[in-house]
2 protein chains.
Amino acid sequence: MARRGTSDDYFPGGAPVSMADLARELGVSTTTISRALSDHHSIGPATKQKVLKLAKKLNYQPNHLAAALRRGQSRLLGVVVPYIEGRFFASVVHGIEQAATKAGYSVIICQSSEDVAQERRNIDTLLGAQVAGLLVSLARETRDFKHFDKVRKRGTPLVFFDRTPAGESVNAVVLNDRAGGYISTQHLLAQGCRRVAHIAGPRHMSIYQGRHQGYLDALAEHGLPADDALVAYSNMTQGDGERSMRDLLALPNPPDAVFAAGDSVALGALQVLKAAGLRVPADVALAGFSNEGFTLITEPRLTSVDQHCEEMGQAAVRMFLDLAADARHPSAQRQVVLQPELIVRESSLRRPA
Amino acid sequence: MARRGTSDDYFPGGAPVSMADLARELGVSTTTISRALSDHHSIGPATKQKVLKLAKKLNYQPNHLAAALRRGQSRLLGVVVPYIEGRFFASVVHGIEQAATKAGYSVIICQSSEDVAQERRNIDTLLGAQVAGLLVSLARETRDFKHFDKVRKRGTPLVFFDRTPAGESVNAVVLNDRAGGYISTQHLLAQGCRRVAHIAGPRHMSIYQGRHQGYLDALAEHGLPADDALVAYSNMTQGDGERSMRDLLALPNPPDAVFAAGDSVALGALQVLKAAGLRVPADVALAGFSNEGFTLITEPRLTSVDQHCEEMGQAAVRMFLDLAADARHPSAQRQVVLQPELIVRESSLRRPA
DNA sequence: AATATTTGCACAAACGATTGTGATTACGTA
DNA sequence: TACGTAATCACAATCGTTTGTGCAAATATT
């Protein structure tokens, strides 16, 4: 190590000061240093003060790696999301970061790019980094969850958010998507619409099932029939939204309102509607889902359902902390369900409030 | 450790299998295991095969923490960005992640939220995690760079991207903002505009200085005077764009084109223009910067300058790898300058190509 | 055949922090 | 005075890898 001792280095000794350095300086053992810094009861107040003071003076920076190695787990939190662009996941991640930092954890973010294989690699990478916990939102195509057995059996706390494995009992924080679908559709009906269509997401994903179900709930409540022809399944892209909307417009009896399961898909629908010369919301009212940033830019601005993204991230971290706190009940399933909020804008507002 | 040995565990032995386990099984030393796995020349091919095979069979997962501790640096790359929402930084981060993963590094992402104090905390956190390198884009308000001395003197490779410390000699990958400002303004002039205004960013940030300078270059080339009244300084928000545009419209001789230093600010300008009953681009042509996603949504769609974000991320990682490779020349300054690309859309297109 | 060289592997000491156990001192009470 | 208790701190092992050095056997050189 040529670095050690060179005067060009920041640290006086030529290397980061360690507990051993503090110990030598103070004529005590590293045990005392370690315990003083972690406020252990077996260290006298006078000693603690001395240690703290010297640590500050020498600018001691704890080596988390060593600590992590010793106790078998780091202060790192692994996060896997499908992608990070767009408001939703970016905000969730932001919430995660805030809460994690506050609790003394750092966050490693991986993107699966909606690819299961990549998701598997991410999990491996994160486990390899000895993360203290894993916060995961599944890739769209993930239907097989074997790669999470590794995590569970290793004892690493695992929390899913938003996109959770269907039919598995896991720790999760999710939105009440059904309520979201309901309030959105209910709102469209309250605007006087009577043929409300739904552009749905992939059938196998629980969040889209929920939104669809909420849509059906609202129709039922109003005594309206559930017309299968009014439901278009999509893959949630803008292009899908365009295709779906064209299909719906081609119907013998086209809809007078559309509840889209996502904002991108709603955007596609909006563009087709405008291209077709239809007025929104006068001819067709439109509502999306997620409250993306661009809902404020479209003309008309897009009614959407806010998911309280940052809150979701914070809740996920809280759940992880709970899990980590009592590792005695690793099998207890925890669930947090957040309530959605309807943001009404011009795309659906026929009757000014 | 109650976990060790319980049959409920994933790993046969009740704990992750270590090199020691492999060594015991094969009757060799951990040295051999370590060297076999890293393909060291001093291990015979036969032994290597045996080790590799057993490692696969027992599903050996290296403990990166231990390795990092031993060699004094991890396979983690620290990234600090002002924020992660919006296309630009999200894409850069994506590029970073791709390149880093390919090189066997994991990425820790921190957001400074445009706050210097938070930026300082981030740096400390990342150094505490023993990152192998640091990739940083500065917070808007950062003008004092003392917190990076710590990094430099510790010998941790440091690469800035996009937002770099003005007047300091550092490793950086940046966009040729001057060229970006030039091609954008030049394009507006080519459309026949003669009074081109500029909504600029904070004066102290090099990227905005560059865009401004490029704007001036183009004017000069066309023999047009640089009218100070036509330059509005902003803080790059949408609201700033609205204010600036109003100011420009209030001029005795208002502009017939606007080159905005960012898309958000351009969006604000666009909305003011439309509210004022002016046609874009017929009355006022408009161009933004960054090629954000929403430039495709506005009406008319917004001309902008693409920064090749992912490329920037990849370049930053490459530079880090270079730096890490020959730590002998830690002081050699490296610079990569990416070329911008003008994306012409309806907001500036007066003469169809 | 004797010596020089290479090949293949083991020993053991790190890296820096944590922690169960035990030793020492000081204080209190009987 | 004698003994129990509490308060303080040190010893030493440990987490899993890496790596300089050393030793033996195998191969090559003369």
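## Surface near DNA strand C

Ala, Val, Leu, Ile, Met, Phe, Trp, Tyr, Cys and Pro count as nonpolar, Asp, Glu, Lys and Arg as charged, and the others, Gly among them, as polar. On that basis, the surface near DNA strand C holds 10 nonpolar, 12 polar and 4 charged residues. A residue is near the strand if its C-beta atom, placed from the backbone, lies within 6 Å of it.

This is a predicted model: local features need pLDDT of at least 70, side-chain atom pairs count only at pLDDT 80 or more, and totals for chains, interfaces and linings use all residues. Residues are numbered from 1 along each chain as its sequence is written, while chains are lettered from A and ligands numbered from 1 in the order in which they are written.

Around DNA strand C there are 26 residues, of which A:Ser18, A:Ala66, B:Val28, B:Thr32 and B:Gly44 come nearest. Helix α4(A) gives the largest share, 5 residues. Helices here are DSSP runs (H or I, at least four residues), as are strands (E, at least two), numbered from the N terminus.

## Contact between chains A and B

The contact takes 39 residues from chain A and 39 residues from chain B. Residues are in contact if their C-beta atoms, placed from the backbone, lie within 7 Å. The side of chain B that touches chain A has 17 nonpolar, 12 polar and 10 charged residues.

## The α4 pair

A:Leu65, A:Ala66, A:Ala68 and A:Leu69 in α4(A) meet B:Leu65, B:Ala66, B:Ala68 and B:Leu69 in α4(B). By class, this contact has 8 nonpolar, no polar and no charged residues.

Definitions and conventions. Two residues are in contact if their C-beta atoms, placed from the backbone, lie within 7 Å.
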